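I shall begin with a pocket and its lining, and then turn to the salt bridges.

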Amino acid sequence: GGDIVAPGAFRKSLAAHKSAGTLPIMLWMHDPTQVPGKWVDIAEDERGLRVKGILADTTLGRDVRTLLK
C-alpha cells in the first residue's frame with residue numbers, strides 16, 4: 001500500500017532476537033495461527049529487510065510456495 005519504512009526501523013528488534021538466539025515467527029498475513037514455515041535469516045541491508053526462510057511441507061506451506069512461484 002505504499003508504506004515506506006525508515007532505514008534502521010528493525011535494528012532494535014533484530015538485535016534483541018540475535019541476543020536471544022531467536023528469529024521472528026513466519027506468519028501468513030500476520031495471523032499467528034497461520035505459520036507456513038520458518039525464517040532462517042533476517043537482516044537489514046541497503047534495500048530494506050532481507051529475509052530467508054524455508055516453507056513447511058504442510059498445506060499452507062505448499063500453497064505459499066505455489067503463490068511465490
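Sorted by class, the residues lining the largest pocket comprise 15 nonpolar, two polar and no charged residues. Please bear in mind throughout that what you see is a predicted model.

How much space lies in the largest pocket? The computed volume is about 510 Å³. The lining of the largest pocket consists of 17 residues. Those nearest the centre of the pocket are Met26, Leu27, His30, Trp39 and Val51.

Strand E2 supplies the largest share of the lining, namely five residues.

I now move to the charged side chains. As a general point, side chains of opposite charge can pair when their charged atoms come close. In this model, the count of salt bridges comes to three.

Let us take Arg50 to start with. Arg50 forms a salt bridge with Asp41, and the closest N and O atoms of that pair are 2.8 Å apart. Arg50 also forms a salt bridge with Asp45, where the closest N and O atoms are 4.0 Å apart.

How accessible are these residues? Arg50 is partly exposed, its relative accessible area being 37%. Asp41 is likewise partly exposed, at 30% relative accessible area. For Asp45 the relative accessible area is 32%, so Asp45 is classed as partly exposed.

Next comes the pair of Arg62 and Asp57. A salt bridge links Arg62 with Asp57, with the closest N and O atoms 2.7 Å apart. Is Asp57 buried or exposed? Asp57 is exposed, because its relative accessible area of 65% lies over the 50% cut-off. Arg62, by contrast, is partly exposed, with a relative accessible area of 37%.

The largest pocket has a lining with 15 nonpolar residues and no charged ones, and the model holds three salt bridges. Thank you for your attention.

How values were computed. Residues numbered from 1 in each chain as written. Predicted model: local features only at pLDDT ≥ 70, side-chain atom pairs only at ≥ 80, totals over all residues. Heavy atoms only, no water. Salt bridge = Lys/Arg side-chain N within 4 Å of Asp/Glu carboxyl O. Buried < 20%, exposed > 50% of the residue type's maximum accessible area, 1.4 Å probe, protein only. 1 Å grid on protein atoms, 1.4 Å probe; cavity = no way out; pocket = protein on both sides within 12 Å on 5 of 7 lines; lining within 4 Å. Points joined across faces, edges and corners; volume = space filled by probe spheres on them. Helix = DSSP H or I, 4+ residues; strand = E, 2+ residues; numbered from the N terminus. Nonpolar A, V, L, I, M, F, W, Y, C, P; charged D, E, K, R; others polar.
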